[in-house]
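Here is a quick, friendly briefing to read alongside the structure. Have a look at the picture below, then work through the points by topic.

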Amino acid sequence: MSETILLKQSEIKELITMKEVIESVETAYAEHARHRVQMPAKKYLFFKEQKGDLRIMPCFMRGMNEAGVKCVNVHPENPVKHGLPTVMGVIELVDPETGFPVGVMDGTWITNMRTGAAAGVATRYMARKDSKTLGIIGAGNQAYTQLMAINQTMDIESVKVFCRTCTSRDSFAKKASESFGVEVKAVQTAREAVEGMDVLVTTTPSTNPVVKEEWVSPGTHINAMGADAPGKQELESGMLTKAGIIIDCWEQARHSGEINVPVAEGVLSRKDIRGKIGDVVVGRIDGRESDDEVTVFDSTGLAVQDVVTAWKVYEKAKTLKLGERINFLE
């Protein structure tokens, strides 16, 4: 094999559905829990003056013989200043036998979809079974794929969304209501999006907590998705000391996940963490211990999610003969 398949975002969107991405992410978490994955914690380059960063995320799935690396940026000022997405990525898939690059593809859509799918998986295993209402803090691309995924794993009756920009939350509510056939209401305060919700999703780049402990009802499940770099925090630390916390990876979560600030402050330690989402998926631990417990899924995003999803895309592209074929060695 000396050909590399190049895939654009528009082609990837034709090749995989959210249902399939959720299946891929669930498989990825299970493989990680079974110790069949070689995956160093993601490495960061910080562009402080530009207010952004670049993450390098390698992974080798030993059991599935799949390998790859994602390079992904996070630049929150991009949409307003440059007309570009906040998050963009490129994924290279590698043949473990030879190291040859069998595929290079856009990672932007896959990143958005697999991050949404992570919350879908966590909601399936950690939310109360009778959950009907969903609150969302943030109204960007990630909020949309969160709703897309959770709509696959929970019977949603109503949604409330808040973000600081009125036009963004109104636009999100209108688009999401039409797309998913559920009532999505834009609300004027974060508190309104939190109080009384069965499930809550946070998707902001905030370095100051946006969710107060007193707003959260007993039995709520929270998908904390926004904190993905040191110093970021969306939930009050006091809430985390009383919640059942599930993470995706200790090394990443303590460094850059929702728990990174409380851990750095000495408020939380590893013994306060119930376990990993993969351990929940394979049945090693419970995601929820009672209907009154507040549960939190701290998602930092794992390379294994990207690689399993991207390989599914690659295999479909080969079968359907989609994408451009080139030989880098010519």
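Are tyrosine 29 and phenylalanine 297 buried or exposed? Both of them are buried, where buried means under 20% relative accessible area, exposed means over 50%, and partly exposed is anything in between (1.4 Å probe, protein chains only). Before going further, note that this is a predicted model, in which local features need pLDDT of at least 70 and side-chain atom pairs count only at pLDDT 80 or more, while totals for chains, interfaces and linings use all residues. Residues are numbered from 1 along each chain as its sequence is written, and side-chain values use heavy atoms, with hydrogens and water left out.

**Aromatic pairs**

- Rings of Phe, Tyr and Trp (its six-membered ring) pair if their centres lie within 6.5 Å; planes under 30 degrees apart count as stacked, over 60 as edge-to-face and the rest as tilted. By that rule, the count here is 5 aromatic pairs.
- One of them joins tyrosine 29 and phenylalanine 297 edge-to-face, at 6.5 Å centre to centre and with 80 degrees between the planes. Tyrosine 29 lies in helix α2 (residues 18-33) and phenylalanine 297 in strand β15 (residues 295-298), so this pair ties together parts that are 268 residues apart in sequence. Helices (H or I, at least four residues) and strands (E, at least two) are DSSP runs, numbered from the N terminus.
- Tyrosine 144 and phenylalanine 172 make an edge-to-face pair too, at 6.3 Å centre to centre and 85 degrees between the planes. This pair links distant parts of the chain, with tyrosine 144 in helix α5 (residues 141-153) and phenylalanine 172 in helix α6 (residues 166-180), 28 residues apart.
- Tyrosine 144 and phenylalanine 172 are both buried. Ring pairs also bring Phe180 in, giving a cluster of Tyr144, Phe172 and Phe180.

**Charges over rings**

- A charge sits over a ring if NZ of Lys or CZ of Arg is within 6 Å of the ring centre and within 35 degrees of the ring normal.
- Lysine 175 lies over the face of tyrosine 144, 4.3 Å from the ring centre.
- Lysine 13 has its charged end over the ring of tryptophan 109, at 4.7 Å from the centre.

**How the helices pack**

- Two packed helices are described by the angle between their axes and the distance between the axes. The axes are lines fitted to C-alpha atoms, for helices over the stretch in contact, and angles run from 0 to 180 degrees between N-to-C directions.
- Angles under 35 degrees count as roughly parallel, over 145 as roughly antiparallel, 65 to 115 as roughly perpendicular and the rest as oblique.
- The axes of α2 and α4 come within 8 Å and cross at roughly 70 degrees. That makes α2 roughly perpendicular to α4. Tyr29 turns up again here, among the α2 residues that meet α4; contact means heavy atoms within 4.5 Å.
- α2 also packs with α5, at an angle of about 80 degrees and with the axes 10 Å apart. These two helices, α2 and α5, are therefore roughly perpendicular to each other. Met18, Lys19 and Ile22 are the α2 residues that meet α5.
- Helix α4 (residues 108-126) and helix α12 (residues 303-320) have axes that come within 10 Å and cross at roughly 120 degrees. α4 and α12 are therefore oblique to each other.
- On the α4 side, Ile110, Thr111, Arg114 and Ala118 do the meeting with α12.

- Threonine 4 is in strand β1 (residues 4-7) and, at 0% relative accessibility, counts as buried. Threonine 4 and glycine 323 are 319 residues apart in sequence, but 9.6 Å apart in space, C-alpha to C-alpha.
- Asparagine 112 is in helix α4 and counts as buried at 10% relative accessibility. Leaving out residues up to four places away in sequence, asparagine 112 touches Asn141, Gln142 and Thr145.
- Cysteine 166 is in helix α6 and is partly exposed, with a relative accessible area of 41%.
- Lysine 51 has a positive phi of about 55 degrees although it is not a glycine. Lysine 51 is in the loop between β3 (43-47) and β4 (52-61), and at 51% relative accessibility lysine 51 counts as exposed.
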